[in-house]
Amino acid sequence: MSDLDVQIPTAFDPFAEANAGDAGAAAGSKDYVHVRIQQRNGRKSLTTVQGLKKEFSYSKILKDLKKEFCCNGTVVQDTELGQVIQLQGDQRKNVSNFLVQVNISLHLMLGMVAVHKHG
């Protein structure tokens, strides 16, 4: 029995990748913009954008995002994360492309926008 490696199955953590990415980003650099999706009920979902610099006008960015993607949204003040933009629906690809296209004003590159698969 000592020659065999016994592997005990463990529970799958769907947020492990996001938590590991957050820990690495928080320790090294806070320049990343995180785009996540939160599942609500049924087919409804929210897209959250966090990590934008504080000097930007979140309301103006939200206004442009809402016009561009024909969806509703709001800016929420969170105690841990600061200001977070919430948009209705799965807008992860749209938001990341939009933020990279307006990189003149936001000073972002493609590698600085982290799109998370879950949560």
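Modeller: A nonpolar core is a set of buried Ala, Val, Leu, Ile, Met, Phe, Trp, Tyr and Cys residues joined through side-chain atoms within 4.5 Å. The model discussed here is predicted.

Colleague: Which residues of the largest nonpolar core touch the most other members?

Modeller: That core has 17 residues, and those touching the most other members are Val49, Leu52, Leu65, Ile85, Leu87, Val95 and Leu99. At least two residues come from each of strand 1, helix 2 (58–69), strand 4 (82–88) and helix 3. Helix 2 gives the most, with 5 residues.

Colleague: What does Ile85 touch, leaving aside residues up to four places away in sequence?

Modeller: Ile85 touches Thr47, Thr48, Val49, Leu52, Tyr58, Ile61, Leu62, Leu65, Thr74 and Val75.

Colleague: Why is His34 called buried?

Modeller: The relative accessible area of His34 is 10%. Buried means under 20%, and therefore His34 is buried. This residue lies in strand 1, which spans residues 33–39.

Colleague: What makes the pairing of the His34 and His116 side chains a polar contact?

Modeller: The two side chains make this contact at 2.8 Å. The cut-off for a pair of N or O atoms is 3.5 Å, so the His34–His116 pair is a polar contact.

Colleague: Why is Val100 called partly exposed?

Modeller: Val100 has a relative accessible area of 22%. Val100 belongs to helix 3 (residues 92–101). Between Val100 and Val113, the separation is 13 residues in sequence and 7.9 Å in space, C-alpha to C-alpha.

Note on methods. Residues numbered from 1 in each chain as written. Predicted model: local features only at pLDDT ≥ 70, side-chain atom pairs only at ≥ 80, totals over all residues. Heavy atoms only, no water. Helix = DSSP H or I, 4+ residues; strand = E, 2+ residues; numbered from the N terminus. Buried < 20%, exposed > 50% of the residue type's maximum accessible area, 1.4 Å probe, protein only. Polar contact = N/O pair within 3.5 Å; in protein donor to acceptor, adjacent residues only side chain to side chain. Contact = heavy atoms within 4.5 Å.
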